[in-house]
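Let us read this assembly together, one interface and one chain at a time. Ask as we go.

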Amino acid sequence: MGTYILRRLLGMIPMLFAITVFVFLMMHAAPGNAIESMLNPRIKDMAALQAQLIHQNGLDKPLPVQYVDWLGNFIRGDWGYSFAQGVPVRQLVLPALGNTLILAALAEVFILLIGVPLGIWQARRPYSLFDTSTSIVNIILFSIPYYIIAIFLIYFLAIKLHVFPSQNAVGTGPQAGSIVDHLYHALLPALSIALASSAVYSRYTRGSMLDVSRRDFTRTARAKGLTEGVVFRKHVFRNGMIPIVTQLGFDIGSLAGGAVILEGLFAYQGMGYITLQAATQRDYNVIMATSLIIAIGVLLGNLIADILYAVVDPRIRYQ
Amino acid sequence: MSEPLLSIRDLKTYFISKDTEVHAVDGIDIDVLKGQIVCIVGESGSGKSMTSLSIMRLVPKPRGKIISGEIVLDGINLLELSENQMTEVRGNEISMIFQEPMTALNPVLTIGDQITEVLLRHRKMNRKDALARAIEMLKFVGVPRADQIVREYPHQLSGGLRQRVMIAMAMVCEPKLLIADEPTTALDVTIQAQVLDLMRKMRSDFGTAIILITHDLGVVADMADHVVVMYAGQVVESANADDLFEEPKHPYTKALLQSIPSIEKDLDVLYSIPGTVPDAAAFPVGCRFAERCPVAQESCSQRMPTLREISTNHFVRCDLL
Amino acid sequence: MSLNSVFADSIEKNSTRRRTKSPNRLAFERFMHNKLALISVIILLLITVMSIAAPLITHQSAWQTSLMQTDLPPSSTHLLGTDSEGIDLFARDLYGGRADLLIGFVDTIITMAIGIVLGGLAGYYSGWVDAVVMRICDFMFNFPFILLIIVIVAIFNVSNIWILILVMGFTSWPGITRLVRGLFLTIRESEYVLAAQISGASVWRIIFKHLLPNSLGPLVVNATLLMAGMIGAEAALAVVGFGVKPPSPSWGNILAGALNFLTLQTEPWVWVPPAALITLTILCINFIGDGLRDAFDPSFEK
Amino acid sequence: MTDHLLEVKELKKYFPITAGVMKRTVGHVKAVDGVSFFVDPGETLGIVGESGCGKSTTGRMIMRVLDSTAGSIYFDGENITRLHGRKLRRIRTKFQMVFQDPYASLNPKMTIREVISEPLVVNKMLSGRQVVDRVATLLETVGLRPDDMMRYPHEFSGGQRQRIGIARALTLNPKLVVADEAVSALDVSIQSQILNLMVDLKHQFNLSYIFISHNLAVVRHISDRVGVMYLGHMVEISPKTDLYDNPLHPYTQALLSAALEPKRKGQRQRMILRGDVPSPANPPAGCPFHTRCPQAIEQCRTQRPVLQQVRPAHFVACHLY
C-alpha cells in the first residue's frame with residue numbers, strides 16, 4: 001500500500017505540470033496584462049512606467065523562460081507577488097487555504113451527520129411514511145441551488161434572527177480571529193453546502209442501501225436466521241457504504257478547492273474567494289498558485305477515494 | 001409410514017402489483033420425510049424456486065406474498081410463527097444454499113465471519129469456539145487449508161470451493177432440512193459431481209433431509225428418493241424416484257424425459273414439446289399443460305384436473321389416467 | 001410476385017393494427033402515466049412560453065432605466081416593483097428567463113454532442129483513442145467547473161451571452177463523455193453488437209444503430225440533469241458577477257442585484273421571484289428526469 | 001490443399017496480463033494454446049469442455065471477431081487468418097454465428113425485420129421488397145410467422161428469440177454456422193425444439209456446424225465428430241460414437257463419468273476428479289491435465305503430449321497411448 005501511494009503521488013507530477021502549463025498559456029493568451037489593468041490610466045508617462053514594471057517582473061522574456069522561472073521560484077517557495085493586493089502570493093494563499101479547509105471539514109461533518117444517516121434511515125424501512133416524506137423533501141432540497149439555500153439562510157438566520165454574521169466572515173493575515181471565531185463564521189456557508197449536499201448524499205445512500213438489500217448475499221444472511229437488525233448492520237450497511245465512502249473521498253478533494261460561489265457570497269476569505277478576486281483583477285500569480293493548489297486538492301481527493309475504496313472493499317488490492 | 005418432517009399443504013404464493021397478479025406458486029402439496037432427498041424439478045417459471053423461498057418465508061417483499069396454505073415442520077406451522085420466531089428456525093432447523101455461490105456470499109466479510117455468525121446466532125457459542133467449529137466444518141466438507149481460508153474472502157476462492165463453503169455454512173447447526181436451490185447449475189460437470197457427492201454425505205452423516213431444486217433431470221435421477229414435478233405453479237406429478245423414471249405418468253413428465261438427449265446412445269430425433277409455458281399472470285382455466293399436451297382432449301382445457309393418487313404414493317394431476 | 005411478397009404487403013398495410021410497440025414507445029407511455037412528471041412538463045412549458053412571449057404579457061421594458069422610479073414596491077403599473085435603476089422587475093423576471101432557458105438548452109446540446117462524439121469514440125475504439133480522451137477528461141476534472149469558467153470569463157473579458165454559452169458548453173463535457181464511454185464499453189460487449197460485426201456492419205452503423213439507441217435512456221436522463229445544472233450554473237456565476245452581464249436580464253443577475261443587506265431585508269419582491277423561478281425550473285426538470293428514468297428503466301423501483 | 005470446409009492449424013490466443021501505470025505486460029492468459037482441427041462440408045463438429053477451456057475463444061477466432069495470436073485458419077482453402085476490410089466482409093458472409101443468450105443477442109431497439117435483414121442491408125445484397133420477402137421466408141423456415149417481423153424482441157419468449165437468432169445467421173446462406181452454447185440458456189422443452197430445428201436446417205441447407213457446448217449429451221446428439229478441450233488444448237477428437245463409447249483420454253473419461261443421465265442406476269462407481277482446473281494464466285508444465293489426472297506418470301509432468309491418431313479417425317493427446 002505504501003509503495004502504491006508513493007507511486008500515485010509521483011504519477012501526479014506530470015498532471016500538475018500540464019495544469020500549470022495550461023493555466024500559464026491561457027493567461028498569456030489573454031488580451032492585456034496585469035500591469036496594465038492595475039495602473040491608473042491617468043498617470044502621466046504611463047507607457048514608460050508600464051515598460052519598467054514589465055521589465056522588472058520579467059514579463060518581456062520569452063514565454064518558456066518566464067514559465068521556467070515561475071516554476072523554479074514556485075518550487076523554491078517563492079510564489080511571486082500579487083500585483084493587485086500588494087503582498088506576496090504565499091501570504092495571501094496560505095491563510096485562505098486554511099480557511100477553505102475549515103469550511104470543507106465542517107461541510108463534510110454536516111454531510112456525515114445529516115445526509116448519510118438520513119439515507120440509511122430511509123433505506124431501513126423503505127416506502128414507509130418516514131421514507132416517502134423525507135424523500136420528497138429531499139428532491140425539493142436537491143433542486144434548490146446551494147446559493148439560494150444560502151440566501152435564505154442569510155435572510156432567516158442572519159437578518160431576521162441575528163444569530164450569524166453574514167458578511168466579512170474572517171479577516172486574513174495576522175489579525176485573523178481565534179479558531180472558535182473561524183468556526184462561527186464558517187458555519188453558515190458550511191451549512192449551506194451541507195444542506196444541498198445532504199440531499200444528494202441521502203438520495204445516494206438510500207439508493208445504495210436498497211440496492212444491496214436486494215442482493216443475493218443479503219438473502220443468504222436472512223436464510224441464516226439473522227435478525228433484520230443484524231442483517232442490516234453487518235451485511236447491508238458495510239456493502240452499501242462502499243460507494244458512499246468513495247464519493248466522500250472525491251468530494252473532500254473538490255471541496256478543498258473551495259466552494260467558489262459561497263465564498264464569494266459570504267465574502268469568506270478562502271481559496272475560492274481569492275481566486276475570484278484574482279480573476280476580476282487579473283492577478284496572474286495568484287491564479288497560478290490557487291489553480292495549482294486546487295488541482296492538488298482534487299488529485300489528493302481521488303487518491304483518498306481510491307485508498308478508502310481499498311479499505312472498505314477487500315476485493316480491491318493495490319500493489 | 002412415518003410422520004413427514006415437512007408437510008406443505010395448498011401453498012399459494014403470489015406476486016401482486018398494481019395491475020397484475022402473478023400466481024408463482026398456486027396450491028402445492030409436498031411431503032418430505034426425515035433424511036429423505038426430495039427433488040423438485042421444473043422449467044423456469046414453474047414456481048420451484050418460489051416454493052423454496054416460501055418455506056423459508058423469504059419471498060421478496062413488498063410484492064411477493066404467501067396467500068394461503070400451511071407449511072408444517074415437525075408439527076409447527078411455519079406460516080403462523082412471528083417473524084422473530086421464524087429467524088430461530090432459519091439457519092438452525094432449515095437452512096438453504098443457492099445457485100450462485102459467488103453472489104450468495106458477502107464479499108466484504110471473511111469466510112470465518114460468515115460461518116461463525118450462524119453459530120453465534122443459534123448456538124450461543126463464544127467467538128473462539130465458533131471459529132474452531134467453523135474450521136472443523138470446513139474440513140468436514142473438504143475445504144483444504146481450512147484454518148487459513150477462514151481468514152480469506154469469497155473472491156479468493158474458486159466456484160467449487162465457494163459452494164462447499166455455502167454448504168458448510170448451511171450445515172454448521174446440523175439442520176433437519178436443507179434446501180438447495182439449483183446448487184450445481186453454475187458449476188462445471190466435474191465440480192458438480194463433487195458437490196452432489198458432498199450433499200449425499202451430509203444426508204448420511206447428519207440425517208438431514210434435503211429438498212433439491214433443479215431443472216436437470218440427470219441430477220434428479222442421481223440424487224432423488226422422491227421427485228416432485230412442477231409445471232406452471234402446480235405439482236403435476238409426485239412419486240418415488242424409481243417409479244417416476246421407470247413409469248412416468250403425466251404427459252408433461254413423459255414428454256420432458258423424451259426431450260433430453262442422451263450421453264449413452266445416439267438418438268435420431270428428440271421429442272419436442274411445442275409452444276411455451278403459459279403466462280403466470282393469466283393461467284387458463286383448465287389443465288395448464290393442455291395447450292402443449294400431445295394427448296389432450298377437449299375437456300382438458302375446460303376443467304382443472306386434481307392431483308390424484310393413482311398408485312401407492314404416486315400422485316398425478318391428469319384426468320386422462 | 002411470390003406468396004411471401006403478398007403476405008409481406010398485407011403486413012405492412014396492417015402493421016398499425018397489430019399492437020406492437022417499440023421499447024421507446026413503451027417508455028413514452030410509461031412517462032405519460034407519471035403525473036408528477038407531466039405536471040412538471042406543463043409548468044416548464046408555461047415558464048418557457050411566458051419568457052418567449054414576454055412582450056405580449058407586459059408592456060414594461062426590461063432595459064429602460066428610470067431615475068425617477070427607483071426601488072419602488074409592487075404596484076399595478078410595476079407588478080413586482082422596480083430595481084435600484086428603476087427598471088420594471090416583472091419585465092426583467094420574464095425576459096430573464098430567456099437567457100437562462102437559452103443557456104440551459106443550448107449548453108445541454110453542445111455538451112451532449114461533444115460528450116457523445118468523444119465518449120463514443122473512446123468507448124468504441126478503446127486503445128489509444130480511449131487513452132487520449134480519458135487523459136483529457138482527467139485533466140479537465142482537475143479544474144472545478146465553475147472556477148474554470150470564471151477564470152476564462154475574467155481573462156478574456158466575456159460579456160456576450162453567446163460566448164458565455166460557448167465557454168460553458170466547452171468546459172462541461174467530461175462528465176457526459178465518461179458516461180457515454182462507460183455505456184458504450186458495456187454495450188459493445190453484448191452479443192448483438194458481435195452479431196452486427198459478424199454481419200459486416202461498419203463502425204458508424206454499429207454506433208448509430210446499436211450503441212446509441214441502447215444508450216438512449218441514461219443519455220436522456222443525464223441531459224435533463226445537465227440542463228438543470230446549466231441553469232443553476234448561470235445563476236451561480238451571476239451571483240459572483242461572472243454570468244450574463246447587465247443590463248441584459250437573467251434570473252441570476254436579478255438575484256445578484258439584490259444581494260445586499262438592505263434589499264434582502266426590506267425588498268423581498270426583488271429577490272424572491274428570481275430565486276423561486278430558478279428553483280421551480282430546476283425542480284421541474286429534475287422531476288422530468290426522474291420520470292424519464294423510471295420510464296426507460298421500469299425495473300428501477302420507485 | 002484439402003477439401004475441408006474449415007481447417008484450423010495450431011491456433012493460439014494469448015491475452016496479455018498487464019500491470020502498473022505503464023501497462024507493462026507481466027504474463028499471458030493462454031486461453032487457447034495450439035489447437036488444430038478441421039470441419040468438412042455438411043459436417044457438425046462438437047466442441048465440449050468446462051468453463052475456461054478456451055472453446056468460446058476458439059469459436060470467436062474462427063469467426064474473426066477476435067484476432068488469433070498465432071496459427072492459421074483456412075476456409076474453403078483460403079487462408080483467412082489475417083484477412084481484413086472488404087475481403088474479410090466478403091468471406092464472412094459464408095460463416096455465421098448463433099449465440100448463447102437469447103436476451104442479449106438481439107438489439108432490443110430493432111424490429112425483427114431489422115435484426116434479420118441487417119446482414120443483407122450492410123452487405124447491400126438485396127433491397128426493399130426483396131428484403132421483406134427474404135425475412136418472411138426465413139421466419140417461416142425457423143418456425144415463426146412472417147408477420148412477426150414488425151414486432152420487437154421483448155415481445156418474444158427465449159425460445160422464439162433463439163429462433164430469430166438462427167434466422168439471422170441463415171440470412172446470407174452461410175456454409176458454416178458456429179453455435180456457441182446456443183441451447184445452454186434454454187429450458188429442456190425449448191432446448192429440444194431448437195436442437196431439432198438446427199438438425200432440420202442442417203439437412204435443408206447442407207450446413208456445417210461447429211457446436212460449442214459444455215453439455216455432453218447435447219453435443220453427442222447433434223454432432224458427427226466431437227473434440228474435447230481442456231485448458232486451451234484439444235485433448236481428444238474423434239467421431240462421436242467412438243468418443244462417447246470408448247473415451248481414451250482420462251479427462252474425457254472423467255467428464256463422461258461425471259455427467260448425469262436421467263435414468264435410475266442405483267449406486268454406481270463414478271470417477272470424481274479432485275480439485276479445480278488450474279489457472280490458464282499459469283498452466284502446469286507438461287500435460288495440462290496431469291495435476292488432476294488419476295493415471296499421471298512421470299513423463300506427464302515434463303513433456304506435453306501431442307495429438308496423435310490412436311484408432312481410425314480417433315486422436316488423443318495423452319502419453320498413455
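Q: How many salt bridges does the rule find across the interface of chain D and chain B?
A: A salt bridge is a side-chain nitrogen of Lys or Arg within 4 Å of a carboxyl oxygen of Asp or Glu. Across the interface of chain D and chain B, the rule finds four. One of them joins the side chains of D:Lys240 and B:Asp266, at 4.0 Å from N to O.

Q: What sort of model is this, and how is it numbered?
A: This is a predicted model, where local features need pLDDT of at least 70 and side-chain atom pairs count only at pLDDT 80 or more, while totals for chains, interfaces and linings use all residues. Residues are numbered from 1 along each chain as its sequence is written, chains are lettered from A and ligands numbered from 1 in the order in which they are written, and side-chain values use heavy atoms, with hydrogens and water left out.

Q: How many residue pairs are in polar contact between chain D and chain B?
A: A polar contact is a pair of N or O atoms within 3.5 Å; within protein, one must be able to donate a hydrogen and the other to accept it, and residues adjacent in sequence count only if both atoms are side-chain atoms. Between chain D and chain B the count is 21 residue pairs, both residues at pLDDT 80 or more.

Q: Which elements of chain D give two or more residues to the side that touches chain B?
A: Helices (H or I, at least four residues) and strands (E, at least two) are DSSP runs, numbered from the N terminus. On chain D, the elements are helix H6 (188-205), helix H7 (216-222), helix H8 (240-245) and helix H9 (250-258). H6(D) gives the largest share, eight residues.

Q: How do the residues on that side of chain D divide into nonpolar, polar and charged?
A: Ala, Val, Leu, Ile, Met, Phe, Trp, Tyr, Cys and Pro count as nonpolar; Asp, Glu, Lys and Arg count as charged; the others, Gly among them, count as polar. The side of chain D that touches chain B has 14 nonpolar, 12 polar and 13 charged residues.

Q: How is the size of an interface given?
A: Often as the accessible area lost when the parts come together. Buried area here is the accessible area (1.4 Å probe) that two parts lose on being put together, summed over both. Chain D and chain B bury about 3,600 Å² between them, 52% of it on carbon and sulfur atoms. In chain D, D:Leu260, D:Pro262 and D:Arg264 lose the most area to chain B, together 19% of what that side buries. Contact means heavy atoms within 4.5 Å. By that rule, chain D puts in 39 residues and chain B 45 residues.

Q: What area is buried between chain B and chain A?
A: About 2,100 Å², of which carbon and sulfur atoms give 62%. B:Pro107, B:Val108 and B:Glu117 supply 27% of the area that chain B buries against chain A, more than any other three residues. The contact takes 28 residues from chain B and 19 residues from chain A.

Q: How many salt bridges are there between chain B and chain A?
A: The count is two. A:Lys224 forms a salt bridge with B:Glu117, with the closest N and O atoms 2.8 Å apart. The largest share of the side of chain B that touches chain A, six residues, comes from H4(B). That side divides into 15 nonpolar, eight polar and five charged residues.

Q: How many helices and strands does chain B have?
A: Chain B has 11 helices and 12 strands. The radius of gyration is taken over C-alpha atoms, and the globule rule is 2.2 Å times the number of residues to the power 0.38. For chain B the radius is 20 Å, close to the 20 Å that the rule gives for 321 residues, so chain B is as compact as a globular protein of that length.

Q: How many helices and strands are in chain C?
A: Chain C has 14 helices and zero strands. Its C-alpha atoms fill a box of roughly 85 × 50 × 40 Å, taken along the principal axes.

Q: Is A:Ser208 buried or exposed?
A: Buried means under 20% relative accessible area, exposed over 50%, partly exposed in between (1.4 Å probe, protein chains only). A:Ser208 counts as buried because its relative accessibility is 12%. A:Ser208 lies in helix H8 (residues 179-213) of chain A. A polar atom of its side chain lies 2.6 Å from the backbone oxygen of A:Gly240.
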